Amino acid sequence: MLLDVQQLSVDIPTAQGVLHAVQGISFSVDNGETLCIVGESGCGKSLTALALMNLLPRRAIRTAGRLAFSGTELQALSAAAMNKLRGENMAMIFQEPMTSLNPVFTIGDQMTDVLRQHRRVSQREARERAIYLLTRVGIGKAETRLGQYPHQLSGGLRQRVMIAMALMCDPKLIIADEPTTALDVTVQAELLRLLLSLQEEFGMGLLLITHDLGIVSRMADNVAVMYAGQIVESGPVISIFENPLHPYTQGLMACLPTPERKRMQHLRAIPGTVPALVGQLSGCRFRGRCPYAQPICAEDVALRPYAHDHAYRCVLPPDISLANAAVTLETNP
Amino acid sequence: MLRFILRRSGSALILMVVVSFVAFMLIFAAGDPAVKLAGEAGSSADAARIRALYGFDKPIPVQFFHWIAAAVRGNFGHSLYFDQPVASILFDRLGVTLLLGLTSFIFALVLAFPLGIAAARWQNTWIDRTALVIAVVGQAMPTFWFALLLVILFSVTFPILPTSGSETWQHFVMPSIVLGYFAAPAIMRLTRSGMITALETDYIRTARAMGIAPRNVLLKYALRNALIPVVSVSAAQLGYMLAGSVVVESVFAINGAGRLAWESILRSDLPTVQALVLCFSLVYVILTFLADILNAWLDPRMRLADARTD
């Protein structure tokens, strides 16, 4: 097991009370495998990524039952040891390519710094590695690019640079937080294809955070659906797409545009908004927006197994859930 | 980069000409200079003679041209008070002030940078608050009073430093501390705010995610970005220290240009004032020019944006 997370929570003290941004989530990623965490804005998916890297904002408090990377418990590591791990064994790609590179250093300086931070290599070797990776992520004239500054590159190119930079030390795990959200659709598709082929070449695990089910269907081996700080459904991608069991997952899928949809027909949306996560929370977090809510939903719901690692957090039995899914997906107006 | 420097030196040169014209016009600021020179007892015939002698009867552009042509060759005319060429008084005094300004500036930077960086790194801790107190005190305390306190401490209680004069390096220690301490707070606070802004950016998060050592994140990745606004302010502070060192020079009886300027104004020694204004202004122009170049070196966006407009 490359990454094993058990009962990870992130709490943020605020003036109104403690914000329970992430509430005891568990998941794992194997070598060469892709796990997609999917959910809407504010569900805690980005904080989950930052929590793994130990890069949370200073006020945020991280607790976890287990946070193991390649068998090493991350919570037991010193700040220096964690720093050594970051960039070398686990690297991260961010959502904002326009602001994620340092404006006053060249691409080459920033890339070689990563390698030279973690390995004893000469500047020339580091440069060669940078040129190789830039070429590999599809950037032409790599040698010229090394001498350029971020503002001379387009958003798509900058994100490619970020990916190449993350690969400098050949990490075992890449955490990508909405890596294509800020980019054109055509660039998105290219970058996703690139990530897949890189994963094949380097055999790394990929934790991909997204709100886009289209990306999930193309990239994921496993999926974890997050809602309001909890995982509400998780399992292999095929199982989730064929048998979405949680009403929220079903709702997300019903919101996907389909080719049969007529022009100007409204896209479906889940009514209501995400509950505030401040203070004492109880019951199913989705019940306020759920069409099948019952009085029992006010009590806490545990993840219940369905089949083949597929689990969901809902009181409805699977057969009723699936019948609902058929209705939800077909009555797509 | 070379192109950038050339362009900036062009605009600096134009600025110098404008500034020197303003300095030249000073002589007419207090009314007809010939009447003034003739004195209260002077007749209008005296004034006319003086007018012809000094060339005040010629058109102003011609006078300016003569003055500037002489100034470029180091001839600033004759002092009305000392009865010797302005240039010979000026260069001694200017050297002393430049030296004092430079040592004060170094002291200011040595104080401001580490404190500003530490205050940002440990924001809202006792370190930050201590730095704030040091800054507020430096800004609020009158220079002459702080100077006297230092004299009491280091010349009277512990007689290790001389009280006045400018003969040895020991003479410069207290004046530099006084002048530097006054200039440091602005630089320190700006370094702090610049660092805080930089440390919250996405690119610093990237550097951390890549495992760059915290020391490098702070002193390389964040500092270079934070310094860009600091450079311009520092240049202005240095200019201020050079031109505004009157109080410190008076307290420590240093024969510098600041004191000379002050005394020359009292004596209505216009050629000397003119020459000093010109020198101080040119120092400002040069410092701004150097700050621009330093900024362009720090920030590639600046130098490339400039090149693109060609």
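A: In chain A, the bridge partner of A:Arg304 in E13(A) is A:Tyr312. The two strands concerned, E12 (residues 304-307) and E13 (residues 310-312) of chain A, run antiparallel and are joined by three bridges, where pairing requires that DSSP find at least two bridges between two strands. Strands here are DSSP runs (E, at least two residues) and helices are runs of H or I with at least four, numbered from the N terminus. Two residues lie between the strands of this hairpin, and A:His308 takes a positive phi near 40°.

This is a predicted model, in which local features need pLDDT of at least 70, side-chain atom pairs count only at pLDDT 80 or more, and totals for chains, interfaces and linings use all residues. Residues are numbered from 1 along each chain as its sequence is written, while chains are lettered from A and ligands numbered from 1 in the order in which they are written.

Chain B has 14 helices and zero strands, and its C-alpha trace spans about 85 × 65 × 30 Å along its principal axes. Of its 310 residues, 39% count as buried, that is, with 20 or more other C-beta atoms, placed from the backbone, within 10 Å of their own.

As to confidence, pLDDT is the predictor's score for each residue, from 0 to 100, and chain B averages 86. Within chain B, the mean is lowest in helix H14 (residues 300-308), at 69, and highest in helix H9 (residues 202-209), at 94. Where pLDDT is low, the predicted coordinates should not be read in detail. For the complex, the predictor gives an ipTM of 0.88 and a pTM of 0.84.

Key:
Buried ≥ 20, exposed ≤ 12 C-beta atoms within 10 Å, placed from the backbone.
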